Amino acid sequence: EAWVQPTALVLGPFLNFLSFAMLCRVVASWYPETNLNKVPWVFVAWPTEPLLRLVKGVVPPAFGVDITPVFWLAIFTFLNEILLGQQGLLVMKMKYGI
C-alpha cells in the first residue's frame, strides 16, 4: 500500500532521534550540575520534557533515581524494533505485502 513506505521513512528517524534524546537525558541525569537550558542540552531537553513530565508521577524512582528516561528509551526502542526492525511489521508489509 502507498502509505507504508512514507510512514517508515518518517517514523524511523523520528524514533531514532527520540531514543537518542532519551539516552542523552539518561547521561545528563548522571551529572546534576548539567544545565538543560544551555546548548547543546536544550536540543535534547525541549522534545523530551513533555514526555518525561507525562509519566513522572506514574513511574516511581528506583533507588532514588528518576528512571523515566529509561522507561521512554525502552518504549521507543521496542516500537522501532516491532515496526521497523528486520522482521518489523512495516518492513514485512513493504517486502511481502502482508
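Helix α1 (residues 4-29) contributes three residues to the lining of the largest pocket, the most of any element, where helices are DSSP runs of H or I with at least four residues, numbered from the N terminus. This is a predicted model, in which local features need pLDDT of at least 70 and side-chain atom pairs count only at pLDDT 80 or more, while totals for chains, interfaces and linings use all residues. Residues are numbered from 1 along each chain as its sequence is written, and side-chain values use heavy atoms, with hydrogens and water left out.

The structure holds three salt bridges, each defined as a side-chain nitrogen of Lys or Arg within 4 Å of a carboxyl oxygen of Asp or Glu.

| Salt bridge | Closest N to O |
|---|---|
| K93 and E1 | 3.5 Å |

Because E49 lies in helix α2 (residues 42-55) and R25 in helix α1, their pair ties together parts that are 24 residues apart in sequence. By relative accessible area (buried under 20%, exposed over 50%, partly exposed in between, with a 1.4 Å probe and protein chains only), R25 is buried at 9%, whereas E49 is partly exposed at 23%. In the pair of D66 and K56, D66 is partly exposed at 33%, and K56 is likewise partly exposed at 38%.

R25, K56 and D66 are also among the residues that line the largest pocket.

How values were computed:
1 Å grid on protein atoms, 1.4 Å probe; cavity = no way out; pocket = protein on both sides within 12 Å on 5 of 7 lines; lining within 4 Å. Helix = DSSP H or I, 4+ residues; strand = E, 2+ residues; numbered from the N terminus.
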